[in-house]
Amino acid sequence: MGNILKEILKKLPEDSISESGFEGANIVLYTKSREFFLEAQSQIKGLVNEFKKRIELRPDPSITMETSEAQKKIRKIIPKEVKIDQVIFDPPRSSVILHVDKPGLAIGKQGSLLREIKENTFWIPTIKRTPPIKSKIIDEIRSVLYENAEDRKKFLDKTGHRIYDGWIRGKKDEWVRLTFLGGAKEVGRSAILLQTPESRVLLDFGYNVASEENAYPYMDLPEFHPKDLDAVIVSHAHIDHSGLVPFLFKLGYDGPVYCTAPTRDVMSLLQLDFIKIARESGKDPIYTSEQVRKMVLNTITLGFDEVADITPDIRITMYNAGHIIGSSIIHIHIGNGLHNLVYTSDLKYGKSILLPRAHKSFNRVESLIIESTYGGKEDYRRADDNPDEKLKEAIKTTIGRGGKVLMPVLGSGRAQDVMVMIAKMIQNKELDSVPIYIDGMVWDITAIHTAYPEFLNRDIRDMIFKKDNNPFLMPEFKRVGSPKERDKVINEEGACIILATSGMLTGGPSMKYLKELASNDKNTLIFTCYQAEGSLGRRIMQGEREFTLGSGRSRELVKLNLDVSKISVSDHSDRRELMNYVRDITPKPRKVIVQHGEKGKCMDLGYSINKKFDIEIDVPSDIESIRLK
Ligand code: ZN
């Protein structure tokens, strides 16, 4: 048993606790005494203050009310207007989750209704909002977690023991160092190994979809052993950061994955799609859905600003990065004050349609790892470059001549930005109402956005909650869910707008649409995201107008007659915003490490940061290590 548990149990009346254990960094106690459960709350609060850990007292599963009776009781306590859609019991944890339309009302004044449920049923209630758009992936993740509730409980307890049972490596004189397995002087396969005297932690593990020979991060380094990793932290769901996380489980990893809840949901979806795309193009997928399932089971979600111990000498906190829903800047506190590292991953330090601006103040920062996707000196967005206007013009012109607008999108981030932009244009009558087709996965990711409005910025939350005007629910948005429906969209007469993945034309339905819409000069192709070197999107941007698609018999020459344009709003910071971030971050870091950008951009941003702010900089290459302390 972890020492901390022994210490806590000593402070409580003998025999009051029937079982004690961990849920990751949280401590959970179970009691078989109803009286003790009802009376001990202030005692537990005292322990939380004393030990500075989250400690929760729960009724032992043996004293909870029988589920059907509890369900009746709960429905009696909660007012009708709340509208309970689902009641899900998690017996090993004595917890019950209520999915409701009006979470605020369900909680009651200062939590009075929740307390009433606890005291009457001995189940611990959690209230969740029913997403207005049904999401298959959220339902699937939920059922994976509940069908494996016992395994999950054991896994969380094991994770807690690794955090609290003391040092196992014990080389206290070892350095803190970072090794770049990918994503240094390049974009596409982010993976950073963090080694401390006690811990081995991986920050992101991405796959580069735009390059066959440089698709994987470097894995044959002597210091990289997937089985020995203590934790994996995923900054956000894009494939170049999360794409190979399930592959780690194939390599024998069995530890925790830390990220936000929207990141977990979106990355599972993108990974399952990644498997599907491989199969469709006749390749063996790198991993299977079984490993995605395993990843979900081992994922511990954290909210923004929530502090969590993840190993004996590492404590992390995630903050909003402003890049896509759930995307995080990760603050890593190492060795009780030895070193503080901030990993921005992809960040947007500027106005965004969906998200708040990236977080910038921390208690301590010695080293900062920053991205440089648009860090080059030519990457200043011009003040007169108004993407809303440009998008409006391109769409209006195309619709006006009865053409179709095809927008290849990343699935997450820009796609939903664009949806909100179009929704506002139609509401303001700047654009005629036309059907807007949202192909498969983009729709699923939109549904995830509606499930986590607390991650969106105030404008959108106000539209949803105060004005009852959820932009994602506009009737013009129509889901395309099958190849048959896709054909219908392509063959349908008249104007429309189509949003489909992949964003760089490296696979997925956007390729199919392009092939069919390419020859008609009434149509327009609008790029909305970063186009990686080597991708078809980049080649078209550079002027290529003829290329072959498919292989073998299905090989086909495609000639582009449609208009091509690029809207330059990005969910990344431009050069100015990156410089401003380094200027504004508090406290001022001693060292800035520049990565996640093409070589010249990383070098250039690094040089400018050094010159302007007099901060030591490092621009590593792949497989290079940097000593932090
Ligand atoms: Zn990203």
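Author: What follows starts at the metal site and then turns to a helix pair and some backbone details. The model is predicted.

The metal is a zinc ion. Along the chain, the donors follow the spacing H-x1-H-x84-H-x22-D. Now the geometry. The angles subtended by the 4 donor atoms span 89 to 169 degrees, so the arrangement is irregular. A tetrahedral label would need all angles between 85 and 135 degrees.

Next, the helix pair. Helix α4 covers residues 67–77, and helix α6 covers residues 112–121. Their axes come within 10 Å and cross at roughly 150 degrees. The two helices are therefore roughly antiparallel. Their crossing is right-handed. From α4, the contact uses Ala 70, Lys 73, Ile 74 and Ile 77. From α6, it uses Leu 113, Glu 116, Ile 117, Asn 120 and Thr 121. By type, the contact residues are 5 nonpolar, 2 polar and 2 charged.

Last, the backbone. The peptide bond from Thr 501 to Ser 502 is cis, with omega near 0 degrees. Ser 502 sits in the loop between β21 (496–500) and α18 (509–517). The bond from Thr 586 to Pro 587 is also cis, with omega near -10 degrees. Pro 587 belongs to the loop between α20 (575–584) and β26 (591–595). Asp 15 is not a glycine, yet its phi is positive, near 65 degrees. Asp 15 lies in the loop between α1 (3–10) and β1 (19–23).

Notes. Residues are numbered from 1 along each chain as its sequence is written. This is a predicted model: local features need pLDDT of at least 70, side-chain atom pairs count only at pLDDT 80 or more; totals for chains, interfaces and linings use all residues. Side-chain values use heavy atoms; hydrogens and water are left out. Axes are lines fitted to C-alpha atoms, for helices over the stretch in contact, and angles run from 0 to 180 degrees between N-to-C directions. Helices (H or I, at least four residues) and strands (E, at least two) are DSSP runs, numbered from the N terminus. Angles under 35 degrees count as roughly parallel, over 145 as roughly antiparallel, 65 to 115 as roughly perpendicular and the rest as oblique. A crossing is left-handed if the near helix is turned anticlockwise from the far one by less than a right angle, and right-handed if clockwise. Contact means heavy atoms within 4.5 Å. Ala, Val, Leu, Ile, Met, Phe, Trp, Tyr, Cys and Pro count as nonpolar, Asp, Glu, Lys and Arg as charged, and the others, Gly among them, as polar. Donors are N, O and S atoms within 2.8 Å of the metal (3.2 Å for Na, K and Ca); water is not among the atoms, so sites may look incomplete. Four donors count as tetrahedral if all angles lie between 85 and 135 degrees; four count as square planar and six as octahedral if opposite donors are over 155 degrees apart and all others between 65 and 115; anything else is irregular.
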